[in-house]
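Trainee: I have a model open and want to learn how to read it. Where do we start?

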Amino acid sequence: MNNKKIVFTAPWQVEVHEDAFHIAKLGERELLVKKRFTLISPGTELACLSGNEGWFAMPGIPGYSSVSEVIEIGEEVQGFKPGDYVFHYGDHSLYSVIPSGGILLKAPSDLPLHWVPFTRMASVAITSIRVSEIELGDYVAVTGLGLIGNMAAQLASLQGASVIGIDLSGPRLEAATASGIGHALPSDPKVHGHINKITGGKGVSTLIDATGIPKVVTEGLPWVAKYGEVVLLGSPRGEYQGNITELLNYIHLDGQGCLTFKGAHEWRFPVEPDAFVKHSLTRNSQIIFELMKLKKLAIEPLISHILKPEQAVQAYEGLRNDKDHYHGVLFDWF
């Protein structure tokens, strides 16, 4: 059989390759799967496509969010059978051989299959809630309303907070409103005044940054209430020039808030359940399945395009140059 795959061959070069795919024999704990839908992670994949991510070697196949059909299983694989649909951290290729350990969960039969890959983005977003002090009645601001920021805002709302989502993009603000986020504000010089009005002049107790842009974080510090927290959800990228003493004084000085900075990188949690750790990537994924099933986590407003793999160039060019209209892009492999 032939395997189709999306390949980053050089910085800003996307190609679709097809070649023969042969497996002499599966390992005892391996599965052969055929992708149904894969989801682009815009921030990570565009960073890889730029050539600036040292861990991603070119040529290479990007992607890490898939729902696939099980085609064949190894002799010692338990709990799965051919014909099952599974959620896993799979790349943008038609066929893959994957291990039976790690993140490998049956896709709930009562979930639309094209929703399932969004579990990956939500499991990234939920880390910001896990590390935070968000409680019922708090005000929370989220900067950056792409897939992960939108989901972080939705999850903060489920935590009991009044959420203020902030973004430059009108369509992303519209998607935030459609997702049930209480306040969606354009990122402009008036935003601080709007936040003060919404919070009664107190500011937000938690600022979650999903942009990864250092300047956005520093510009948001005046919005945060005294003894509040700043959660770095988006991986910081890009150069920033400024006075670090000013930043440190927001953390140190009582008069500037004594703010707490927290990192929200998902890999702080174990992959599989651990008796000594409450949270794991597996548990988070299972909880997200339930939220989707109960319609407490909105997915449809996040989907901008469902494309065929042959349209990969269009997909990445859109995500790079037309962020207003491209945000949640799925590849349909059937």
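Mentor: Start with the length of a helix. The expected span is 1.5 Å times one less than the number of residues. Helix α3 (residues 147-158) has twelve residues, so it should span 16 Å; its end C-alpha atoms are 17 Å apart, which agrees. Helices here are DSSP runs of H or I with at least four residues, strands are runs of E with at least two, and both are numbered from the N terminus.

Trainee: What kind of model is this?

Mentor: It is a predicted model: local features need pLDDT of at least 70, side-chain atom pairs count only at pLDDT 80 or more, and totals for chains, interfaces and linings use all residues. Residues are numbered from 1 along each chain as its sequence is written, and side-chain values use heavy atoms, with hydrogens and water left out.

Trainee: How many residues of α3 are buried?

Mentor: First, the cut-offs. Buried means under 20% relative accessible area, exposed means over 50%, and partly exposed lies in between (1.4 Å probe, protein chains only). Ten of the twelve residues of α3 are buried, which leaves the helix mostly covered. Among them are L147, I148, M151 and L155. The buried set also includes N150 and Q154.

Trainee: What follows α3?

Mentor: G160 does, with a positive phi near 110°. Now look at helix α1 (residues 42-50). G51 follows α1, and its phi is positive too, near 85°.

Trainee: How many residues of α1 are buried?

Mentor: Seven of its nine residues are buried, so α1 is largely enclosed by the rest of the structure. They are T44, E45, L46, A47, C48, L49 and S50. The cover over them includes β1 (2-10), β2 (13-20), β3 (30-39) and α9.

Trainee: At what angle do α1 and α9 cross?

Mentor: Compare their axes. An axis is a line fitted to C-alpha atoms, for helices over the stretch in contact, and angles run from 0 to 180 degrees between N-to-C directions. The axes of α1 and helix α9 (residues 312-321) come within 11 Å and cross at roughly 105°. That makes α1 roughly perpendicular to α9. The rule is this: under 35 degrees is roughly parallel, over 145 roughly antiparallel, 65 to 115 roughly perpendicular, and the rest oblique.

Trainee: Which residues make that contact?

Mentor: Contact means heavy atoms within 4.5 Å. From α1 come P42, E45, L46 and L49; from α9 come Y316, L319 and R320. By type, five are nonpolar, none is polar and two are charged. Ala, Val, Leu, Ile, Met, Phe, Trp, Tyr, Cys and Pro count as nonpolar; Asp, Glu, Lys and Arg count as charged; the others, Gly among them, count as polar.

Trainee: Why would residues a few places apart end up on one side of a helix?

Mentor: An α-helix has 3.6 residues a turn, so residues three or four places apart point the same way.

Trainee: Can we try another helix pair?

Mentor: Take helix α2 (residues 118-130) and helix α8 (residues 281-293), whose axes come within 9 Å and cross at roughly 110°. That makes α2 roughly perpendicular to α8. The contact includes F118, A122 and I126 of α2, and I287, I288, F289 and M292 of α8. Its residues divide into seven nonpolar, four polar and two charged.

Trainee: Now strands. How do they pair?

Mentor: Strands of a sheet pair through backbone hydrogen bonds, either parallel or antiparallel. Two strands count as paired if DSSP finds at least two bridges between them. Strand β3 pairs antiparallel with strand β6 (residues 95-99) over five bridges. Seven bridges join β3 to strand β4 (residues 66-73), again antiparallel. K34 has a bridge partner in β6, Y95, and one in β4, E69.

Trainee: Is β3 enclosed or open?

Mentor: Eight of its ten residues are buried, so β3 is largely enclosed by the rest of the structure.

Trainee: Where does the pairing go from β4?

Mentor: β4 pairs antiparallel with strand β5 (residues 85-88) over four bridges. There, S68 stands opposite V86. Three bridges then join β5 to strand β7 (residues 104-106), also antiparallel.

Trainee: Where do I find parallel pairing?

Mentor: In an open sheet of six strands, ordered β10-β9-β8-β11-β12-β13. Its edge strands, β10 (183-186) and β13 (260-263), each pair on one side only. The twist averages 20° from one strand to the next. Inside this sheet, β11 (residues 204-209) and β12 (residues 224-232) share five bridges. One of the partner pairs is I208 with V231.
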